[in-house]
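Okay, thanks for coming, everyone.

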Amino acid sequence: MSAAPVRSPTLRPHRMKKEESFLGKLGGTLARKKKAKEVSDLQEEGKNAINAPMNPSTVDIHPEDTLLEENEERTMIDPNSKEDPKFKELIKVLIDWINDVLVEERIIVKQLEEDLYDGQVLQKLLEKLADRKLNVAEVTQSEIGQKQKLQTVLEAVHDLLRPHGWTIKWNVDSIHGKNLISILHLLVALAMHFRAPIRLPEHVSVQVVVVRKREGLLQTTHVSEELTTTTECSNSNFNFFSPMPERDAFDTLFDHAPDKLSVVKKSLITFVNKHLNKLNLEVTELETQFADGVYLVLLMGLLEDYFVPLHNFYLTPESFDQKVHNVSFAFELMQDGGLKKPKARPEDVVNLDLKSTLRVLYNLFTKYKNVE
């Protein structure tokens, strides 16, 4: 037996009016909620625009960041900032400087966060720079031991920097937590305090993502963090007697008299060709033709009137390291000739840094300008 068809109930007129009234009220409520949400979304968009004026790209929040305690925060560098050439240059200059200082310790730093967080390299670096021995365990694997070492090292750093008015932008937890921003602030401060023979890139800033936990939810904001300003005023936040890298005539020349640069280059080209022509060599571009160190080595032999054995340098260098070897060897010959250690780094000359190359050649010109 088949079931009887189900028929829709017929609404009576008074019930239809009630339904229409209910639907009307419901529609009005939904419209108001939609309008309120639009207003809320607009306000949120405006707040985000204020907090992130550069409209940075969305940053993925790693799983470990969700483990924050209430009101705790964590910072990370925006991935776009990590690709900035000046930021990369700053890291490279600092790594090269650390490796230069610790060359006798046979320590090679490749990545700042991974190599400096446990305090071992920072200990050696400070001991070398400050010429003092720290009373800490040489090697420790435990987290507690690493933090104790870091505490001792950073207290020694603070004892050196605070009297000169430095603002401390790092601590044990941030360094041990591999916070690259904190590590960079620390290294820049050390490099400037000890007048490291390096040229820090100017006006290096990065976008930093700050993740906070509020009422169980993660909130992110973006702030700009300044790592270096200019060579002249990079210590402007500190008192007048803070150690600053010494500026020379070439800093002034590049900053305030670039029109005279061509005159200086022409004079130095005339000077070097006067001697290199003896070997049938000719220089037309200072920054490129001295970058592999060959002409520097040959020039020193000509100026000091001796033959440089070919096995001491690479006559046709192919790799970056071979070029650095040549320039470093030329610097040794200069010091053997009575000149001070060049202010420039061999890597700067190899990297076609004109100011560094001019400094080296001008020192030669000053001493040997009257040599025939």
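Let's start at Asn179, whose side chain reaches the backbone nitrogen of Ser182 at 3.0 Å. I'm calling that a polar contact, meaning a pair of N or O atoms within 3.5 Å; within protein, one must be able to donate a hydrogen and the other to accept it, and residues adjacent in sequence count only if both atoms are side-chain atoms.

Before I go on, a word on what you're looking at: this is a predicted model, where local features need pLDDT of at least 70, side-chain atom pairs count only at pLDDT 80 or more, and totals for chains, interfaces and linings use all residues. Residues are numbered from 1 along each chain as its sequence is written, and side-chain values use heavy atoms, with hydrogens and water left out.

Back to Asn179, then. You'll find Asn179 in the loop between α7 (172–176) and α8. Helices (H or I, at least four residues) and strands (E, at least two) are DSSP runs, numbered from the N terminus. Is Asn179 buried or exposed? At 18% relative accessibility, Asn179 counts as buried; the cut-offs are under 20% relative accessible area for buried, over 50% for exposed, and partly exposed in between, with a 1.4 Å probe and protein chains only. Leaving out residues up to four places away in sequence, Asn179 touches Thr75 and Ser174, where a contact is heavy atoms within 4.5 Å.

Now the overall picture. The protein has 15 helices and three strands. Of its 372 residues, 41% are buried. And if you take contacts with a separation of 6 or more, 61% of them are between residues 24 or more positions apart.

On to the sheet. The three strands make an open sheet, ordered β1-β2-β3, with antiparallel pairing; strands pair if DSSP finds at least two bridges between them. β1 (73–77) and β3 (217–228) are at the edges with a single partner strand each, so one side of each has no neighbour in the sheet. On average, neighbouring strands here are turned by 25° against each other, direction ignored. β2 (residues 204–214) and β3 pair through eleven bridges, and Val211 stands opposite Thr220 in β3.

Which helices sit on that sheet? One is α3, which touches β1, β2 and β3 and has a direction at about 95° to that of β2. Another is α8 (residues 180–193), which also touches β1, β2 and β3, with its direction at about 20° to that of β3. For those angles, axes are lines fitted to C-alpha atoms, for helices over the stretch in contact, and angles run from 0 to 180 degrees between N-to-C directions.

Asp84 caps its N-terminal end, with a side-chain oxygen 2.8 Å from the backbone nitrogen of Lys86. The buried residues of α3 include Phe87, Leu90, Trp97 and Asn99.

Next stop, α12 (residues 294–304). Why do I call α12 largely enclosed by the rest of the structure? Because eight of its eleven residues are buried, among them Val294, Leu299 and Gly301. Those buried residues pack against α10, α11 (286–289), α13 (320–336) and α15 (354–368). Just after α12, Asp305 takes a positive phi of about 60°.

His275, in α10 (residues 261–276), is buried at a relative accessible area of 0%. The contacts of His275 include Leu299, Leu302 and Leu303, plus Tyr368, again skipping residues up to four places away in sequence.

Phe271 and Phe365 are edge-to-face, at 5.4 Å centre to centre and 85° between the planes. That pair links α10 to α15, 94 residues apart. Phe271 is buried at 5%, whereas Phe365 is partly exposed at 26%. Together with Tyr362, Phe271 and Phe365 form one aromatic cluster.

Key:
Rings of Phe, Tyr and Trp (its six-membered ring) pair if their centres lie within 6.5 Å; planes under 30 degrees apart count as stacked, over 60 as edge-to-face and the rest as tilted.
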